[in-house]
Amino acid sequence: MSNVAMELQDVRKSIGKKEIIKGLTFSIYKGEVFGFIGPNGAGKTTTIRMMVGLMQLSHGDVLIRGKSIKHDFKNAIREVGAIVENPEMYPFMTGWQNLMHYARMIPGISKERIQEVIKLVGLEKAIKEKVGKYSLGMRQRLGIAQALLHKPSVLILDEPTNGLDPAGIREIRQYIRRLAEEENVAVIISSHLLSEIELMCDRIGIIKNGELIATQTVQDSTTSETKNITQVSMQVTPMDRAIEVLKTDHTLDAKSQDEALIFQTEKEKIPDIVRSLVQQDVAIYQVNSTKSSLEDKFFDLIGENTIE
Ligand SMILES: Nc1ncnc2c1ncn2[C@@H]1O[C@H](COP(=O)(O)OP(=O)(O)O)[C@@H](O)[C@H]1O
Ligand SMILES: [Mg+2]
């Protein structure tokens, strides 16, 4: 069977005369964590509502493990676990009682499965306590445990880091990674803050004004650390010769921007590059290097410096 967990095919949504989602086409694969990133109002929640059948599509289709949300809703939705609005939990019941209560509504959920999901989200110790005493992060985890009970192929979380403190976000990061690996689910996680979810994602899709403007693989931290790619900005003259030297001697694509020479390279190579520029009579007045993160790219792409 194919590795595709969910596929969006030219998904559009119009409300009144306004087209809010303008043709989204992309796939999400088993075992991957996909970050769905975009500023507030970009259309993340609207898209997710369509993915989970809470809202009708104006055009296109969503296939979940090949099953159409439009034409085979019952089978398609079985493959999905999601937290879109706040999951309903009873504060006067324990975590365990909440899960049992929910499990009774789905056929075929064993006690073993309940224990398994509790372990997956790391709630073993707190599961016998009343949910009213839970922190926001714990409630979030209980919600995810609930969404996982029926072994979905796709788990969708709309802004799960909202309102969490850094410790809570770290916790989420750990068990989201574990979920993708141990349950082999595709996790779709939306956020307006790239920095909060970048580290837990394998891939990022950036949405703005209802359009997907880029998808990008997130380098795992080990490779990006050993490679240490930085963006270098230099003040040099003559500019043309500098660009030429970088191209011929270092096979680097440099550009001139605001009278500075801009390129990306590994930090360790900067001394070599400086040396060859000097040897070829390029005068250097200044060298700056900044780690080029996905965040910079994100800001470049959405063309604004704040996404709050
Ligand atoms: N029911 C609705 N009626 C009209 N406009 C809506 C409705 N729901 C969302 N929108 C608009 O659609 C756009 C996308 O909203 P939303 O999907 O909530 O974005 P996000 O989740 O990325 O913040 C926004 O401009 C919002 O105002
Ligand atoms: Mg939203």
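## Helix α1 and Lys-44

Lys-44 lies in helix α1; helices here are DSSP runs of H or I with at least four residues, strands are E runs with at least two, and both are numbered from the N terminus. This is a predicted model: local features need pLDDT of at least 70, side-chain atom pairs need pLDDT 80 or more, and totals for chains, interfaces and linings use all residues. Residues count from 1 along each chain as its sequence is written, chains are lettered from A and ligands numbered from 1 in the order written, and side-chain values use heavy atoms, without hydrogens or water.

Lys-44 has 4% relative accessibility, so it counts as buried. Buried means under 20% relative accessible area, exposed means over 50%, and partly exposed falls in between (1.4 Å probe, protein chains only). Six of the eight residues of α1 are buried, so the helix is largely enclosed by the rest of the structure. The buried residues of α1 are Lys-44, Thr-46, Thr-47, Ile-48, Met-50 and Met-51. Gly-53 follows α1 and has a positive phi, near 75°. Along the chain, Lys-44 and Ile-127 are 83 residues apart; their C-alpha atoms are separated by 32 Å.

## The shell around ligand 1

A backbone N or O atom of Gly-41 is 2.7 Å from a ligand 1 oxygen. For a backbone N or O atom of Gly-43, the distance to a ligand 1 oxygen is 2.9 Å. The side chain of Lys-44 places an N or O atom 2.8 Å from an oxygen atom of ligand 1. Taken alone, ligand 1 exposes 560 Å², and the protein buries 59% of that; areas come from the Shrake-Rupley method with a 1.4 Å probe.

## Aromatic rings

A pair of aromatic rings is described by the distance of the centres and the angle of the planes. Across the whole structure there are three aromatic pairs. Rings of Phe, Tyr and Trp (its six-membered ring) pair if their centres lie within 6.5 Å; planes under 30 degrees apart are stacked, over 60 edge-to-face, the rest tilted. Phe-26 and Phe-34 are stacked, at 5.3 Å centre to centre with 20° between the planes. Both of these residues are buried. Phe-26, Phe-34 and Phe-36 form one aromatic cluster.

Tyr-90 and Phe-92 have ring centres 5.7 Å apart and planes at 45°, so this pair is tilted. Tyr-90 is partly exposed, with a relative accessible area of 27%. Phe-92 is exposed, at 55%.

The charged end of Lys-128 sits over the ring of Trp-96, 5.9 Å from its centre. The criterion is NZ of Lys or CZ of Arg within 6 Å of the ring centre and within 35 degrees of the ring normal.

## Overall fold

The protein has eleven helices and 14 strands. Its C-alpha atoms fill a box of roughly 75 × 45 × 40 Å along the principal axes. Of its 308 residues, 46% are buried.

Methods
A polar contact is a pair of N or O atoms within 3.5 Å; within protein, one must be able to donate a hydrogen and the other to accept it, and residues adjacent in sequence count only if both atoms are side-chain atoms.
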